[in-house]
Amino acid sequence: MLSSTSFKKLALCSMTTAILAASQSGFAHTRLQTSTILEGTRVYNNVVIGHGCHNATTNSNSNPVMGTSVVFPDSTATVTSKPAGAAADVAPTAAGSVTDWLEGAGEGYSKKVYSKDVFSAEAQKTNSLGNAVGFWTGGGSLPGIGYTGLFPFKTDAVSIKPESCAKTVTFVVPISDVCELTPVSGFSDENVNMWTPTVGSNFDGIGLHGENSPATLKVVRNTTGTPATLTSAEVKANPLPASCGEGLDITITPTAEQINRDMPAIDNGVQVWPVQ
Ligand SMILES: [Cu+2]
C-alpha cells in the first residue's frame, strides 16, 4: 500500500518544449526507448524518464520522480490521417475508427513487464473489456538529474489491415511523471511533467513542461516481407494496395474521456494520484 509519505518529488527541463521537440532524441524528454516498430512483431521496450521536475530553488530539474503513469489508446481513440510523409504543417483529416486500420480489437497490445527495479509498486490498467490500456508504477525516488529511469513493457504484434492504405500507424502515448502527490488543481512544473496531447482532458497540463508533447509509438507497415534483421521465421509481406498510391500516415490519439479514466494511479481500489 502506498502512502503520501512514501513518495518524494520530481523537476523540469530548463529548455523549452519547442526546442526539445525539434530534436527530441538527443534530449531528455520522457519517451519510449524504441519509438518505431515493425508491424507483426512483438517488441520489448521501456518508458524512458530523462529528468525530474523543476526545482525553483536550484532552477534545475532536480525534483525526484516518485511515480509515472502511462496510457495506451484504446479502440475509442480519435483517428486522423495525412498523406504518407506529409509535412508537419499539413492538417490531418478525420479517419474513422481504430479498427478501420488495425486487425483485431485495436487495443490491449501493451503489457507491463513486471519490475520493481526503480519503484516499489505497480499496476496494469484495464478497460471494461479487460484489455490493457496502460500502467502506473510508483513508490520511491528516481533522482531528477544524473540518472535515466527505465520502465519495461512489451507490445504484442500489431497488424495493419491489408486492404487499408495505412503505411504507418502512430499511437500517441500520454505519460505523466509525478514528483509530488497533488490534486489536478495543484498541478505545476514543480510536481509533475505532463507528456500528454492537448485533447481537453484533466491532464492536458497547459503551460507545463511536456504540454502537447506526448510520447509516440509508430508501427510501420511491412511492405516487403521478412526484414534482414529477422531470419528465424518468414514474415509475410503486407504491400500497399496499388490504389493507395504512397499511402497514409495514421495517428491514433486517446480521447479526453479515456485519459481522464486511465491516467489516475489507482492502488488496490484507492486513487493515489491525482489526490482527490
Ligand atoms: Cu525535458
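Me: What should I know about the model before starting?
Reply: It's predicted, so local features need pLDDT of at least 70 and side-chain atom pairs count only at pLDDT 80 or more, while totals for chains, interfaces and linings use all residues. Residues are numbered from 1 along each chain as its sequence is written, and side-chain values use heavy atoms, with hydrogens and water left out.

Me: How many salt bridges are there?
Reply: A salt bridge here is a side-chain nitrogen of Lys or Arg within 4 Å of a carboxyl oxygen of Asp or Glu. By that rule you get six.

Me: What does D74 pair with?
Reply: With R261, at 2.9 Å between the closest N and O atoms. D74 sits in the loop between β6 (65-71) and β7, and R261 in helix α2 (residues 256-262), so the bridge ties together parts 187 residues apart in sequence.

Me: Is D74 buried or exposed?
Reply: Buried means under 20% relative accessible area, exposed over 50%, and partly exposed in between (1.4 Å probe, protein chains only). D74 is buried at 2%, whereas R261 is partly exposed at 43%. R261 also bridges to D262 at 2.8 Å, N to O, and D262 is buried at 4%.

Me: Which residues form a salt-bridge network?
Reply: R42, K111, K154 and D156 are linked that way. Within it, D156 and K111 meet at 3.8 Å, N to O.

Notes. Helices (H or I, at least four residues) and strands (E, at least two) are DSSP runs, numbered from the N terminus.
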